[in-house]
Amino acid sequence: MRSSLASLAVMLGCAICSLAWAQTTWRAEKAVEIIVPTAAGGINDQITRLMQRVLHDAKLVPVPLVIMNKAGGNQSLAVVYLTQKAPDPHYLLYATATVFTNQLAGLTSLGYTDLTPLACLVVDYSVVTVAADSPIKSMRELVDRLKADPGAVAFGMVSRGGPNHLALSQAVLSAGVDPRKLKTVVFKTNAESHMAVVGGHIQAVVSSVSAALPQVQAGHTRMLAIAAPQRAAGPLASLPTMREQGINATGISNWRAIFGVKGMTPAQASFWENALSHMAASEDWNRELDGTNMSRLFLRGKEFARYLDEEYAATRSVMTDLGLIK
C-alpha cells in the first residue's frame with residue numbers, strides 16, 4: 001500500500017513538473033518573419049540576412065526564417081506592421097534608434113514601449129562624408145562655411161530628426177549655427193544619398209559608418225569626421241572625431257536591435273533572447289561583423305530595456321535642445 005502511494009506521488013509530481021515545464025518553455029512553431037525597415041541590399045538588410053543564416057545554420061530556430069522588407073515612413077511602416085501582428089511571437093523587427101526619434105518628432109505615436117525588447121546587437125556611429133574631390137578638407141572647415149552661410153552646403157540623409165541628423169545638428173549647434181537653417185535633402189536610402197554627393201547634386205552626406213564606407217573604399221568619397229566618443233579601429237583609425245576638431249558632438253547612440261510584438265509571454269521572449277545570445281557568441285556572426293565596422297553591443301532582455309530607457313532620455317534631451325520635439 002505504502003509502495004503504491006509512493007509511486008502515485010512520484011507520478012503526480014512528474015505530471016506537475018511536466019505541466020510547469022510546458023507552461024514556461026516555448027519554441028517557434030511556424031515560419032518566422034523578420035521585418036526590415038529598409039529596402040533590400042542596404043546594410044540593415046545585410047545584417048538581418050546574416051542573422052537569418054546564422055540562426056538557421058546553427059539550428060537555433062527550428063522553423064524557416066523569412067525576411068520581409070518594409071521600407072517607408074522612416075521605419076514607421078515597419079513598426080506599424082509589427083504592432084498589427086501582436087501578440088504573435090513569430091514576427092520580429094530589426095530596428096534602429098529611429099524608433100525614438102520618430103516618436104519624439106511627432107511623426108508617429110508608436111514608440112519602443114509598444115514593442116518587446118529582445119536584444120541589442122550593434123552600434124553604428126555617424127560620419128560626415130564629401131566627394132573625393134571636394135574642396136572641403138575637414139569638419140572644422142565645413143562648420144566654418146556654415147557659420148558664414150548656414151545654407152551653403154546641402155546635406156543628404158535618410159531622415160530628418162534621426163540619429164545621423166542629430167549628430168550633424170549637435171556639431172553645428174556647438175559652433176553657434178542654427179541647425180534648423182541647414183539645407184537638408186532626404187533620400188530613401190543611404191546609397192542614393194552617397195551617389196548624389198558623388199554626382200555633385202549635394203555637397204555632403206551624414207550617415208552611418210557602415211553606409212559610408214563602401215564609397216570611401218572605392219575612392220569616390222572622403223569622411224571628414226566621426227561623431228563618436230573616440231576614434232574607431234581598422235580602416236577608420238586615421239579618421240578624427242568631431243571633438244578632435246574642436247566640435248562638441250559625439251552623436252546619438254545609433255543602435256541596431258531586435259524587437260518582438262507587445263504582449264509576448266516570458267517564455268516566448270526567453271526563447272528569442274537565448275537564440276540571439278547564442279547567435280551573437282558564434283564565430284560565424286562575429287567573423288562577418290568584422291567587415292561592417294560596426295561596434296558590438298549585445299544586450300538582452302531586461303538589460304536592453306534599461307539601456308533603451310537611458311538612451312531615450314538622452315535622445316529626448318538633445319532633440320529638446322535642438323527644438324525638434326513635437
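Predicted model: local features only at pLDDT ≥ 70, side-chain atom pairs only at ≥ 80, totals over all residues.
1. Residues are numbered from 1 along each chain as its sequence is written, and side-chain values use heavy atoms, with hydrogens and water left out.

2. The overall picture. The protein chain has eleven helices and eleven strands; these are DSSP runs numbered from the N terminus (helices H or I, at least four residues; strands E, at least two). Its C-alpha atoms fill a box of roughly 95 × 40 × 30 Å along the principal axes. Of the 326 residues, 50% are buried, where buried means under 20% relative accessible area, exposed means over 50% and partly exposed is in between (1.4 Å probe, protein chains only). Among contacts (heavy atoms within 4.5 Å) with a separation of 6 or more, 76% join residues 24 or more positions apart.

3. Now α7 against α8. Helix α7 (residues 190–198) and helix α8 (residues 209–217) pack at about 40°, with axes 10 Å apart, and are therefore oblique to each other. The crossing of α7 past α8 is right-handed, a label used when the near helix is turned clockwise from the far one by less than a right angle, with anticlockwise giving left-handed. On the α7 side the contact uses Asn 190, His 194, Met 195 and Val 198, and on the α8 side Ala 211, Ala 212 and Gln 215. By type, that contact has four nonpolar residues, three polar and no charged. For that count Ala, Val, Leu, Ile, Met, Phe, Trp, Tyr, Cys and Pro are nonpolar, Asp, Glu, Lys and Arg are charged, and the others, Gly among them, are polar.

4. More on α8. Val 209, Ser 210, Ala 211, Ala 212, Leu 213 and Gln 215 are its buried residues to look at. Their cover includes α2 (43–57), β5 (126–131), α7, β8 (204–208) and β9 (221–227). After α8 comes Gly 219, with a positive phi near 85°.

5. What angle do α2 and α9 make? Their packing angle is about 100°, with the axes 10 Å apart, and α2 and α9 are therefore roughly perpendicular to each other. Met 51, Val 54 and Leu 55 of α2 meet Ala 275, Leu 276 and Met 279 of α9. That contact divides into six nonpolar residues, no polar and no charged.

6. The cores. A nonpolar core here is a set of buried Ala, Val, Leu, Ile, Met, Phe, Trp, Tyr and Cys residues joined through side-chain atoms within 4.5 Å. In the largest one, with 66 residues, Met 51, Val 61, Trp 255, Phe 259, Trp 272 and Trp 285 touch the most other members. Helix α9 (residues 266–281) supplies the largest share of this core, eight residues. Leaving out residues up to four places away in sequence, Met 51 touches Ile 34, Leu 121, Ile 258, Leu 276, Met 279 and Trp 285. There is also a second, separate core of 25 residues, including Val 206, Leu 224, Met 242 and Ile 247.

7. Most residues other than glycine have a negative phi, and most peptide bonds are trans. Asn 74, not a glycine, has a positive phi of about 55°, and Gln 75, also not a glycine, has one of about 90°. Asn 74 sits in the loop between β2 (65–69) and α3, and Gln 75 is found in the loop between β2 and α3. Asn 74 counts as partly exposed because its relative accessibility is 24%, whereas Gln 75 counts as buried at 3%. A cis peptide bond joins Ala 86 and Pro 87, with omega about 5°; Pro 87 lies in the loop between α3 (76–83) and β3 (91–96).

8. Finally, Ser 174. This residue is in helix α6 (residues 163–174) and counts as partly exposed, at 39% relative accessibility. Its C-alpha atom is 7.5 Å from that of Ala 249, 75 residues apart along the chain. Neighbours within four places aside, Ser 174 is in contact with Ile 247 and Asn 248.

Terms used:
Axes fitted to C-alpha atoms, helices over the stretch in contact; angles between N-to-C directions. Parallel < 35°, antiparallel > 145°, perpendicular 65-115°, else oblique.
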